[in-house]
Amino acid sequence: MVHKVKGVVARSKGAPVTLETILVPEPGPGEALVDIITSGVCHTDLHYKLGGISDDFPFLLGHEATGVVSAVGPDVTDVAPGDRVVLNWRAVCGNCRACNRGQAQYCFNTHNATQKMTLEDGTELSAALGIGAFIEKTLVAAGQCTKVDPDADAAAIGLLGCGVMAGLGAAINTGGVKRGDTVAVIGCGGVGVAAIAGAALAGATTIIAVDIDAKKLDRAKGLGATHTVDSSATDPVEKIRELTGGFGADVVIDAVGRPETYKQAFYARDLAGTVVLVGVPTPEMTLELPLLDVFGRGGSLKSSWYGDCLPSRDFPMLISLYKQGKLDLDAFVTERITIDQVEEAFEKMHSGSVLRSVVEL
Ligand SMILES: NC(=O)c1ccc[n+]([C@@H]2O[C@H](COP(=O)([O-])OP(=O)(O)OC[C@H]3O[C@@H](n4cnc5c(N)ncnc54)[C@H](O)[C@@H]3O)[C@@H](O)[C@H]2O)c1
Ligand SMILES: [Zn+2]
Ligand SMILES: [Zn+2]
């Protein structure tokens, strides 16, 4: 049986998204069908719509989602109908060279559904990040379903599926922030403030938020920043050094991803400290640094893919901390919207007042 449901599609580069009837097949081997409850609107969805990720239009957008499994393929045993799940884009394969070395967080062969969802005329859809969650029912690889506590707000925990996990993980997993560390985060959008929350959770004692927008800095304070620096008015490298006894921070996270912010991160870090790049640069960007400084400052320069998360390890743990009141995921949910308001949510992204609009299905 094929399911006919409504979903949000980007048909061509830059065109406004449309609500379309979509055909979703029954799950085959290794697949699961999921009834979506909530799905956050992420910048990556906007990038897909604008053609910034690939030209494989039409796209089925949405990927930060909580849902309930409604059916599974014949060989699927890890999840079952009725399970509450948060969807992930790191369904690890278990046998690539990263997985074989016990480094599944870098898995080079992650799984997506094999069958395609289509428009009514049979046109195959490309699902955003292999998920496609602005839809009543979606088809994913079973490994993309991380079973979670059903007794937690779907809108809040679904955000762990992408941007919030990327930020939390940039601090906790990639940066390895520890109790007593000094941390600076450059760029306080959704990913940056999640990195701030992650640093706070890990016990950092000094957490410096840097942004060029004062509104962002105010919000960062609410999520654990101990100091803020408006880098449109103040040299962030000098200020971060001043706030850390003249030395620089142990871990500096670049959640913007531009050569100038990376350089700030590089020089605002203490000797032997760590730089984490979690913001995504564009293809034309290049970086020039004195090689002697790269050597002489020591430490490590790391990049963080999806917060180096392992969904099965990290989502349930973070949801537990959320339920205990130690991680404020509610703060990321600015508004709840309906499936026909995704285009408006994209427009609001420019205003900077919204961390996440979350579609309730
Ligand atoms: N590595 C990953 O797996 C991963 C996952 C999700 C998102 N991302 C990336 O993380 C980045 C941030 O995402 P977001 O959702 O928080 O975006 P966002 O647009 O909400 O936030 C970016 C913030 O950076 C600030 N900013 C811009 N230029 C700046 C500068 N020169 N100095 C200081 N601050 C500056 C903006 O004011 C804004 O607050 C993006 O590049 C996104 O693609 C990476
Ligand atoms: Zn693998
Ligand atoms: Zn995302």
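**Note on the predicted model: strands, helices and the ligand shell**

1. Strand 3 (residues 31-40) and strand 18 (residues 357-360) run antiparallel and are joined by 3 bridges, where helices (H or I, at least four residues) and strands (E, at least two) are DSSP runs numbered from the N terminus, and two strands count as paired if DSSP finds at least two bridges between them. Within this pairing, Gly40 stands opposite Val358 of strand 18. Strand 18 is also joined by 3 bridges to strand 17 (residues 335-337), with which it runs parallel, and here Val359 of strand 18 is the bridge partner of Ile337.

2. On the basis of the description, this is a predicted model, in which local features need pLDDT of at least 70 and side-chain atom pairs count only at pLDDT 80 or more, while totals for chains, interfaces and linings use all residues. Residues are numbered from 1 along each chain as its sequence is written, and chains are lettered from A and ligands numbered from 1 in the order in which they are written.

3. Six strands, in the order 13-12-11-14-15-16, form an open sheet whose pairing is parallel. Strand 13 (227-230) and strand 16 (300-303) are at its edges, and because each has a single partner strand, one side of each is left without a neighbour in the sheet. From one strand to the next the twist averages 20°, with axes being lines fitted to C-alpha atoms, for helices over the stretch in contact, and angles running from 0 to 180 degrees between N-to-C directions.

4. Inside that sheet, strand 11 (residues 182-186) pairs with strand 12 in the parallel sense over 5 bridges, and Thr182 stands opposite Thr206 of strand 12. Helix 6 (residues 214-222) lies across strand 12 and strand 13, and its direction is at about 170° to strand 13.

5. A second open sheet is formed by 5 strands in the order 7-2-1-4-8, and its pairing is mixed. Its edges are strand 7 (118-119) and strand 8 (126-127), each of which has a single partner strand, so one side of each is left without a neighbour in the sheet. Strand 7 pairs with strand 2 (residues 18-24) in the antiparallel sense over 2 bridges, and Leu119 of strand 7 has Ile22 opposite.

6. As for helix packing, the axes of helix 4 and helix 5 come within 7 Å and cross at roughly 45°. That angle makes helix 4 oblique to helix 5, since angles under 35 degrees count as roughly parallel, over 145 as roughly antiparallel, 65 to 115 as roughly perpendicular and the rest as oblique. The crossing is right-handed, a term used if the near helix is turned clockwise from the far one by less than a right angle, and left-handed if anticlockwise. Residues that make the contact (C-beta atoms, placed from the backbone, within 7 Å) include Ala166 and Ala170 of helix 4 and Val191 and Ala195 of helix 5. The residues of this contact divide into 13 nonpolar, 5 polar and no charged, where Ala, Val, Leu, Ile, Met, Phe, Trp, Tyr, Cys and Pro count as nonpolar, Asp, Glu, Lys and Arg as charged, and the others, Gly among them, as polar.

7. Ligand 1 is surrounded by 29 residues, of which the closest are Ala166, Gly187, Gly189, Val191 and Gly279; a residue is near a molecule or strand if its C-beta atom, placed from the backbone, lies within 6 Å of it. The elements that give two or more residues to this shell are helix 4 (163-174), helix 5 (190-201), strand 12 (206-211) and helix 8 (259-267), and the largest share, 3 residues, comes from helix 5. By class, the shell has 13 nonpolar, 11 polar and 5 charged residues.

8. Two backbone details remain. Phe57 and Pro58 are joined by a cis peptide bond with omega of about -5°, and Pro58 is in the loop between helix 1 (43-49) and strand 4 (59-60). Leu129, although not a glycine, has a positive phi of about 50°, and its place is in the loop between strand 8 and strand 9 (137-141).

Key
Contact = placed C-beta atoms within 7 Å.
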